[in-house]
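Here is a protein chain to get to know, with its sequence and its fold side by side. Have a look around first, then read on for a short tour.

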Amino acid sequence: MLLKSELQKKDFLKGEAPMKIVKLAYYDEFSCVGPKCIDSCCKHWVITLTKREYFNYKKTDLSPELKAVADTAFFRIRNGNDLQYAGMKLKDNGDCPFLGDDSLCMLQKEKGEQALSFVCSIFPRINSRVGNEAFIYTCDITCPHVVELLIKHPEGLAVTEEEYKHDNPYIEKGFWSGEATSDQWKGRPYLWTIKGAQMDILQNRAFTIPERMLILGFFCQKANEYINRNEAEKINSLAGMMLDNEMCRKIAGSLNAPQSEESAALKSIDIFSKMKYSVDNGNYSRVLKDLFERAAESVGLDIKDLGKNSLNINFNKGAYFKNLEVYRGIESQRPYIIENLMVNLAFAQSLEHGIWLNYFELAVFYNIFKICIPAFLKENWDDTDLAAAITYSAKMVINSKLARGKIAVDFIDHNIFTLPYAAFLIN
């Protein structure tokens with residue numbers, strides 16, 4: 001989450017043209033379920049505070065009981081900045097120090113919602129700014145209730161627009177999640193065309209989910225090439241071509257990479273193993289390490305470091321294919337769930353990071369889901385269990401940031417940062 005400077009805030013507020021909100025319609029359905037949440041964000045999650053919030057907490061008039069908690073609740077972040085100045089010290093059980101026995105926030109109960117930090121107030125909502133033109137609203141699927149909402153929309157996710165009425169208290173104070181793109185990005189004039197085409201492709205039910213992912217890969221690669229060659233004006237005709245089902249079927253067919261089930265399994269396990277190794281040996285939370293360990297155990301994964309960036313990887317093929325069978329059952333019986341997940345992810349992505357990098361992140365998501373979602377499901381699971389399993393899987397990719405970072409670098413270093421290789425991940 002970002003806090004914009006006062007200068008940027010004033011620049012935004014004085015925009016002459018009316019701002020608009022472009023959002024996935026389910027956004028308005030979300031409200032925190034509090035103690036009913038199956039994976040509370042008030043547990044096992046270090047919450048950061050801005051410098052202003054930290055000192056506001058220090059001078060807030062609290063009851064003696066709550067002041068005793070607040071006196072030891074925070075720590076200063078070493079080498080922090082005004083945006084990430086301090087954090088909450090979690091209890092030994094991983095709970096936020098302000099989480100009461102009733103699973104409600106004691107600070108909010110005593111001082112009201114306005115006393116909460118920006119992160120606590122807005123999560124899992126994502127409000128990304130598009131210059132002085134618009135805000136893109138969506139929600140983060142690392143919240144299980146968000147996933148529960150996605151599961152309840154078999155008709156798909158609608159995109160709506162409305163005028164921004166300057167009624168969002170956080171935005172008016174200069175808080176938002178980040179920039180959807182910069183004005184300097186060469187593809188900026190075609191942002192809405194790109195976003196629209198991505199939604200059209202992912203929601204085209206004339207094709208299977210893997211076919212849609214392949215078609216999306218073709219679009220993202222071409223659009224990226226056009227921008228890099230200063231031919232971004234061609235994106236309009238490219239987006240129009242994506243509405244032609246016959247053309248799209250040819251594209252999907254040409255990218256349908258023939259490979260054995262075992263070959264596909266090795267690629268999936270290789271990516272997952274590199275992510276797990278990075279998490280095990282990096283500065284990551286205990287929760288994230290535990291999630292990777294649980295997923296690894298479900299496929300009997302064993303990783304040995306041979307040195308010189310070489311890993312010896314073994315896994316139980318039978319267990320892997322059992323997981324894959326469970327995942328394929330979900331995708332074939334209720335493909336709209338995977339559709340909604342991918343739409344939600346793509347809609348929230350910042351195009352400034354690069355259309356092709358964004359697509360590869362989606363491809364890694366899709367690939368990892370095959371292993372991880374089944375790993376967290378009970379034998380007789382229901383939709384609540386499915387929402388939790390998807391949330392855990394999403395955390396493994398989103399919170400680690402490895403798909404956009406180390407894994408992408410690894411693909412580039414091995415010259416496999418390509419559409420054909422992405423097709424191997426999808427098929």
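What follows is a walk through the strands, cores, rings and cysteines of this predicted model.

## A strand with neighbours on both counts

Let's start with strand S2, residues 20-24. Of its 5 residues, 4 are buried, so S2 is largely enclosed by the rest of the structure.

Which strands does S2 pair with? One partner is S7, which runs parallel to S2 and is joined to it by 4 bridges. If you want a spot to look at, find Ile21, whose bridge partner in S7 is Phe135. Another partner is strand S8, residues 159-163, and here the pairing is antiparallel, over 5 bridges. On that side, Lys20 has Glu163 in S8 as its bridge partner. Lys20 turns up in another setting too: it lies over the face of Trp192, at 4.9 Å from the ring centre.

Elsewhere, 3 strands make up an open sheet, in the order S3-S5-S4, with antiparallel pairing. S3 and strand S4 (74-76) are the edge strands, each pairing on one side only.

Zoom in on S3 and strand S5, residues 86-88, and you'll find them running antiparallel, joined by 2 bridges. Leu49 stands opposite Ala86 in S5. As a bit of background, strands of a sheet pair through backbone hydrogen bonds, either parallel or antiparallel.

## Two nonpolar cores

In soluble globular proteins, nonpolar side chains tend to be buried together. In this model, the largest nonpolar core has 120 residues. Which residues have the most contacts inside it? They are Phe219 and Phe272. As for where the core comes from, H16 supplies the largest share, 15 residues.

Leaving aside residues up to four places away in sequence, Phe272 touches Phe292, Ala295, Ala296, Leu301, Ile368, Ile371, Cys372 and Met396. Apart from this core lies another, of 20 residues, and Leu49, Leu66, Ala73 and Met88 are among them.

## A lysine tucked into a helix

Is Lys276 buried or exposed? Its relative accessibility is 7%, so Lys276 counts as buried, the cut-off being under 20%. Lys276 is found in helix H12, which covers residues 261-280.

What does Lys276 touch? Not counting residues up to four places away in sequence, it touches Phe292, Glu293, Ala296, Leu301 and Ile303.

Another lysine, Lys267, lies over the face of Phe424, at 4.5 Å from the ring centre.

## Rings meeting rings

How many aromatic pairs does the structure hold? The count is 18. Take Tyr27 and Tyr137: their ring centres are 4.8 Å apart and their planes are at 40 degrees, so this pair is tilted. This pair links distant parts of the chain, 110 residues apart, with Tyr27 in the loop between strand S2 and strand S3 and Tyr137 in strand S7, residues 134-139. Tyr27 is buried, with a relative accessible area of 8%, and Tyr137 is buried as well, at 5%.

Now try Trp356 and Phe360. Their ring centres are 5.4 Å apart and their planes are at 75 degrees, so this pair is edge-to-face. Trp356 and Phe360 sit about one helical turn from each other, because they are 4 residues apart in helix H16, residues 355-375. Trp356 has a relative accessible area of 7%, so it is buried, and Phe360 counts as buried too, at 1% relative accessibility.

How many disulfides does the structure have? A search of the whole structure finds 0. For Cys105, the nearest cysteine sulfur is that of Cys96, 6.3 Å away, and Cys105 is in no disulfide. Cys248 is in no disulfide either, with the nearest cysteine sulfur, that of Cys220, 13 Å away. Cys248 also counts as buried, at 1% relative accessibility.

Definitions and conventions. Residues numbered from 1 in each chain as written. Predicted model: local features only at pLDDT ≥ 70, side-chain atom pairs only at ≥ 80, totals over all residues. Heavy atoms only, no water. Buried < 20%, exposed > 50% of the residue type's maximum accessible area, 1.4 Å probe, protein only. Contact = heavy atoms within 4.5 Å. Phe/Tyr/Trp six-rings, centres within 6.5 Å; stacked < 30°, edge-to-face > 60°. Lys NZ or Arg CZ within 6 Å of the ring centre and 35° of its normal. Core = buried A, V, L, I, M, F, W, Y, C linked by side-chain atoms within 4.5 Å. Pairing = 2+ DSSP bridges. Disulfide = S-S within 2.5 Å.
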